[in-house]
Amino acid sequence: MKIIYSDRQQLHCVPFEVLGGEPTPNFEQPQRALQVLDALSVRTSGPVLPPSAHGLAPLKRVHSPDYVDFLADAWNQWQATFPGKAVALPFLFPNRGLRQRLPRHIEGRLGYYAFDLSVGLTATSWSAIQDSADCALTAADLLLAGECSAFALCRPPGHHAGRDLMGGYCYLNNAAIAAQYLLDQGQQRIAILDLDYHHGNGTQSIFYERSDVLFASIHGDPDDEYPHYLGFADETGAGEGVGFNLNLPLPLGETDWSRYRQALDSAIERIQAFAPDTLVISLGLDTFCEDPLGEFSIKSLDYLEMGRILGGMGLPTLFVFEGGYAVDALGNNTANVVEGFEQ
Ligand code: SP5
Ligand code: ZN
């Protein structure tokens, strides 16, 4: 399958985040994408192609126009206010009891559009963020042109980003943007299967009241794991979307492949009943046993079987790369999914 990737995605590099009460080197490093690119180039049919620019319009079909314009201009505003400070980072948020009102000052704007401290912006972040979304859109074009699968090697990732909210290393929701684009190009139903270890709160919230996009997610129980405030089993959709949201939270520490596989079977059963035109897979590899942010125990060879099961669904499939922080194993694990899928 074709792999879509842009070198400009290397331009986004946030030096630190805050974890466990301490400044910590940011886990979402440029090297992640290079490891995956290497492994996919060597081990799968390829080829690797650059994204084509789709402009702001498809982004604004999912995100609010003010949020997209903010992302594109945030660095300029930051630099004007904090000259010489290399990373724009929020530090306060309009939580309970505070006004949901976009203020003038960049400090207030950053917090208004963020829900955690993992989403710094540097001088070159926007190029990478935009190219990451363009990778998903270009991969969607391949499916529209009749390819049966494509791999969008997106970085930064997307599934935590909401309509006007960044967090969890995510700025633009690449999977949601691709799904909406496929609908706008004439498809009727899209299923999004989110296999990242963390719940895809952004994707869920974007499509929560919609019946043309089915969202199914397998993830660490948010009672015990990030993002904590969404992703529970009783969230089944609202309004038109009732019945089109499926959360399968699994326990930390005791989820191995056999347990995960049962959840995957349930998700697949629901997706097959939905009969989507395209399956978008938010592929996070942070379910890996050695992932520094995860508490599942999936092994490298399990990803081969995961790929075979996904390929066995027989649906046009768009892979969108999300999380995964065991950098040394990330390429191999990702290539295992793709190789299994192609068997
Ligand atoms: C795209 C993606 O995978 N984003 C993940 C962001 C997670 N950041 C916060 C991690 C919090 C770590 N706390 C560990 C709690 C017990 N495992
Ligand atoms: Zn994750």
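Which residues in H4 meet which residues in H5? Start the tour by selecting both helices.

This is a predicted model, in which local features need pLDDT of at least 70, side-chain atom pairs count only at pLDDT 80 or more, and totals for chains, interfaces and linings use all residues. Residues are numbered from 1 along each chain as its sequence is written, while chains are lettered from A and ligands numbered from 1 in the order in which they are written.

**Stop 1: H4 and H5**

Select residues 125-144 for helix H4 and residues 174-184 for helix H5. Helices (H or I, at least four residues) and strands (E, at least two) are DSSP runs, numbered from the N terminus. On the H4 side, pick Ser132, Ala133, Ala136, Leu137, Ala139, Ala140 and Leu144; they meet Asn174, Ala175, Ile177, Ala178, Tyr181 and Leu182 in H5. Contact here has a cut-off: C-beta atoms, placed from the backbone, lie within 7 Å. These residues divide into eleven nonpolar, two polar and no charged. Ala, Val, Leu, Ile, Met, Phe, Trp, Tyr, Cys and Pro count as nonpolar, Asp, Glu, Lys and Arg as charged, and the others, Gly among them, as polar.

The two axes come within 9 Å and cross at roughly 35 degrees. Such axes are lines fitted to C-alpha atoms, for helices over the stretch in contact, with angles from 0 to 180 degrees between N-to-C directions.

**Stop 2: the core**

Next select Ala136. Leaving aside neighbours within four places in sequence, Ala136 is in contact with Ala152, Cys154, Asn174, Ala175, Ile177, Ala178 and Val320. Ala136 is also among the residues with the most contacts inside the largest nonpolar core, which has 101 residues. Such a core is a set of buried Ala, Val, Leu, Ile, Met, Phe, Trp, Tyr and Cys residues joined through C-beta atoms within 7 Å. H4 gives the most to this core, with eleven residues.

**Stop 3: Gln188**

Move to the loop between H5 and strand S6 (190-194), where Gln188 has its place. Why is Gln188 exposed? Gln188 is exposed because 11 other C-beta atoms lie within 10 Å; the cut-offs are 12 or fewer for exposed, 20 or more for buried, and partly exposed in between, with C-beta atoms placed from the backbone. Not counting residues up to four places away in sequence, Gln188 touches Asp212 and Asp277.

**Stop 4: ligand 1**

Finally, select ligand 1. It is surrounded by 17 residues, the closest being Pro157, Gly168, His198, Tyr226 and Gly323. For this shell, the C-beta atom of a residue, placed from the backbone, lies within 6 Å of the molecule. The shell divides into six nonpolar, six polar and five charged residues.

Notes:
Two residues are in contact if their C-beta atoms, placed from the backbone, lie within 7 Å.
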